[in-house]
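I opened the model to look at how two chains meet and at one residue inside a chain. My entries follow.

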Protein chains: 2
Amino acid sequence: MSAITTALTDWEHVQPPAARRLLTGAIAAFAERGYQATTTRDIASRAGMSPAALYVHYSSKEKLLFEISLYGHKAALDVLSSVEGSTPTERLQAMVSAFTVWHAEHHTVARVVQYELAALSPDHLAEVATYRRSISALMEKVLADGVSAGTFQVDDLPGTALALLSLSIDVARWYSPARQPPEALGSLHAALALRMVQA
Amino acid sequence: MSAITTALTDWEHVQPPAARRLLTGAIAAFAERGYQATTTRDIASRAGMSPAALYVHYSSKEKLLFEISLYGHKAALDVLSSVEGSTPTERLQAMVSAFTVWHAEHHTVARVVQYELAALSPDHLAEVATYRRSISALMEKVLADGVSAGTFQVDDLPGTALALLSLSIDVARWYSPARQPPEALGSLHAALALRMVQA
């Protein structure tokens with residue numbers, strides 16, 4: 001994974017530090033209680049700040065969710081686009097492995113991003129949707145490349161791409177670090193993915 | 001799917017009708033706003049009742065979530081256990097297809113059940129967990145039968161069983177009836193499942 005991914009998921013790009021504390025506080029609160037049940041007072045309190053101080057950095061609770069969602073999607077897209085491999089088989093394997101590892105390692109952020117989409121404003125949802133389409137397009141591209149090369153046999157290309165993404169994304173729902181290391185899960189999913197396309 | 005499944009998911013077993021209205025009102029409210037942001041007043045109002053009348057049927061909001069979760073899990077288990085097939089290949093295909101169809105058709109209930117597990121009391125979570133283990137055991141059993149019969153080749157049996165269930169369950173996250181009919185999605189997933197076990 002590239003340095004960009006690490007920076008994005010560590011929220012180091014969020015400046016000043018007070019804004020970053022509010023954002024990570026919001027992630028924890030949304031994950032624990034859900035977006036609707038979280039107040040800006042809860043979030044400010046987790047960041048050791050007053051509710052009024054929150055508004056200096058974020059004009060609304062929805063703006064916080066949008067920032068989390070936007071950077072979550074950017075990081076996930078970056079994970080898929082930064083893999084290397086000289087063949088579609090190598091690239092698919094690397095993409096599925098990295099996408100699964102990312103959803104295991106960032107399961108809290110991923111849950112908030114995936115389960116609270118409906119709370120975004122229509123404009124913000126539309127912006128996030130462009131990243132979702134790019135993510136799907138990357139997966140469809142590697143499958144199409146494999147079919148062209150004669151190494152993959154895929155009957156329903158968009159459906160199979162969605163199933164492959166789904167397999168990794170659902171990791172965020174049930175993943176627990178106590179269960180297994182992210183890398184082992186990534187390898188299993190990569191192997192299953194190759195079987196799904198009959199590589 | 002059996003008659004039991006239909007009855008369970010239609011909540012016809014919940015009597016009297018006032019209790020059923022509260023339960024379906026709770027599903028809608030939890031799905032829209034999340035468990036924590038929903039009040040018993042919201043739920044009672046959706047059922048056209050007073051908050052006091054709610055307590056005649058359910059002693060708490062958590063009791064409502066537990067009932068929803070319990071019957072959701074029972075219905076999902078019933079879907080998997082009621083499939084027929086003379087070979088592991090036929091059974092796996094039928095199980096994955098039916099499980100995917102169920103999660104597409106009942107995506108609202110499935111979301112509430114899956115995403116609000118942490119809101120259950122420890123005792124209620126433990127009871128629901130027994131159904132989750134039974135669901136996993138059914139999927140592991142069909143894979144083990146296929147391996148014994150020499151028709152499946154599975155390297156990581158519990159991991160593959162979890163991946164197969166995950167593929168169906170994640171349908172609840174993104175499914176929209178406008179996208180495709182549940183049956184077409186069930187067929188796609190069944191075909192992918194057979195490839196995953198190299199049937």
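I started with a salt bridge (a side-chain nitrogen of Lys or Arg within 4 Å of a carboxyl oxygen of Asp or Glu): Asp155(A) pairs with Arg195(B), and their closest N and O atoms are 3.8 Å apart. I found two salt bridges between chain B and chain A.

This is a predicted model, where local features need pLDDT of at least 70 and side-chain atom pairs count only at pLDDT 80 or more, while totals for chains, interfaces and linings use all residues. Residues are numbered from 1 along each chain as its sequence is written, chains are lettered from A and ligands numbered from 1 in the order in which they are written, and side-chain values use heavy atoms, without hydrogens and water.

I then looked up the whole interface. Contact (heavy atoms within 4.5 Å) joins 28 residues of chain B to 28 residues of chain A. The buried area, meaning accessible area (1.4 Å probe) lost by the two parts on being put together and summed over both, is about 2,500 Å², and carbon and sulfur atoms give 58% of that. On the chain B side, Arg173(B), Arg195(B) and Met196(B) lose the most area to chain A, together 27% of what that side buries.

Last, I checked Ala104(A). Why does Ala104(A) count as buried? I read its relative accessibility as 1%, so Ala104(A) falls in the buried class (under 20% relative accessible area, 1.4 Å probe, protein chains only). Leaving out residues up to four places away in sequence, Ala104(A) touches Val171(A), Tyr175(A) and Pro182(A).

Key: Buried < 20%, exposed > 50% of the residue type's maximum accessible area, 1.4 Å probe, protein only.
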